[in-house]
Amino acid sequence: MRRNIVAGNWKMNCDIPQTYELLDALKEQDITDEVSVIVAPPFTNLQSANQALLDTEILVAAQNMHQESTGAYTGEVSATMLKSVGVEVVILGHSERRAIFGETNALLTAKVNAALENEMTIIFCFGEELSDRKAGSHFDVVRQQLEEGIFHIEKENWNNVILAYEPVWAIGTGETATPDQAQEMHHFIRNTLAEVFDTDVSQDVSILYGGSVKPGNAKEIFGKQDVDGGLIGGAALNAADFTAIINAFE
Ligand code: PEP
């Protein structure tokens, strides 16, 4: 049975004092327990965030990780390191990682494998560029990202996967996919999963929508049948806005 999930991707925002401030504000909010809530602060704040949230149900995720467990990879952080500070969830394949840091589907395959070998939960992001949508190739692009990045995993590992469809043209732009566009793509993804795996996988995986979700549009987007929540960027940096998005499920 799939879960409703709202995850906040803080990107490169919030130092330690700001992290405590935001989490304290979040803990004061009245958050529905119908939704699994995840926050993804920068690496430096993961352990502090985890400790600050110990008395809550909110999980902490990393925004990225390296595919090797140790070695000469200056500036990188591995799955075992994340686990050693209590982090069990990792975002992989965010469009900013793909576009700015050149992460390919092949690299993401290796990261997916490393995360799963370490029994972590993955939030796997993918989505088309505006040019793909204008050319009418958005379904093909999304299918290819999934095929090359995550379709190699075994059926039993899908319990540890959350998918996040994030059309690149809607991220941080204020431009949102319409609820119908989101539903159309989520339905396509679920049908593809049923075809490649089976209906257990397709019906049980949570598929989040990401791209300029705000308190004002969350209810309509989350109301769609195949949308199980959101990956939230900008609005996750404000406790009241993030809470309003989570509570859009009520
Ligand atoms: C994101 O970074 O994953 C995202 C969806 O950002 P925003 O909500 O700001 O568009």
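User: How far is an oxygen atom of the ligand from an N or O atom in the side chain of Lys11?
Analyst: Keep in mind that this is a predicted model. Lys11 is listed among the closest residues to the ligand, along with Glu166, Gly172, Ser212 and Gly233. From an N or O atom of the Lys11 side chain to a ligand oxygen, the distance is 2.6 Å.

User: What share of the ligand's exposed area does the protein bury?
Analyst: On its own, the ligand exposes 290 Å². The buried share comes to 97%.

User: In what order do the eight strands close into a barrel?
Analyst: The pairing is parallel, and neighbouring strands are turned by 25° against each other on average, ignoring direction.

User: What is the bridge partner of Val89 in E5?
Analyst: Strand E4 covers residues 89–92 and pairs in the parallel sense with E5, residues 121–126, over four bridges. On the E5 side, the partner of Val89 is Thr121.

User: At about what angle does helix H8 run to E7?
Analyst: H8 spans residues 179–196 and lies across E5, E6 and E7. Helix H11 (239–246) also packs on the sheet, touching E1, E2 and E8, with its direction at about 155° to that of E1. For H8 against E7, the angle is about 150°.

Notes
Residues are numbered from 1 along each chain as its sequence is written. This is a predicted model: local features need pLDDT of at least 70, side-chain atom pairs count only at pLDDT 80 or more; totals for chains, interfaces and linings use all residues. Side-chain values use heavy atoms; hydrogens and water are left out. Two strands pair if DSSP finds at least two bridges between them. Helices (H or I, at least four residues) and strands (E, at least two) are DSSP runs, numbered from the N terminus. Axes are lines fitted to C-alpha atoms, for helices over the stretch in contact, and angles run from 0 to 180 degrees between N-to-C directions. Contact means heavy atoms within 4.5 Å. A residue is near a molecule or strand if one of its heavy atoms lies within 4 Å of it. A polar contact is a pair of N or O atoms within 3.5 Å; within protein, one must be able to donate a hydrogen and the other to accept it, and residues adjacent in sequence count only if both atoms are side-chain atoms. Accessible areas come from the Shrake-Rupley method with a 1.4 Å probe; for residues, only the protein chains shown count as cover.
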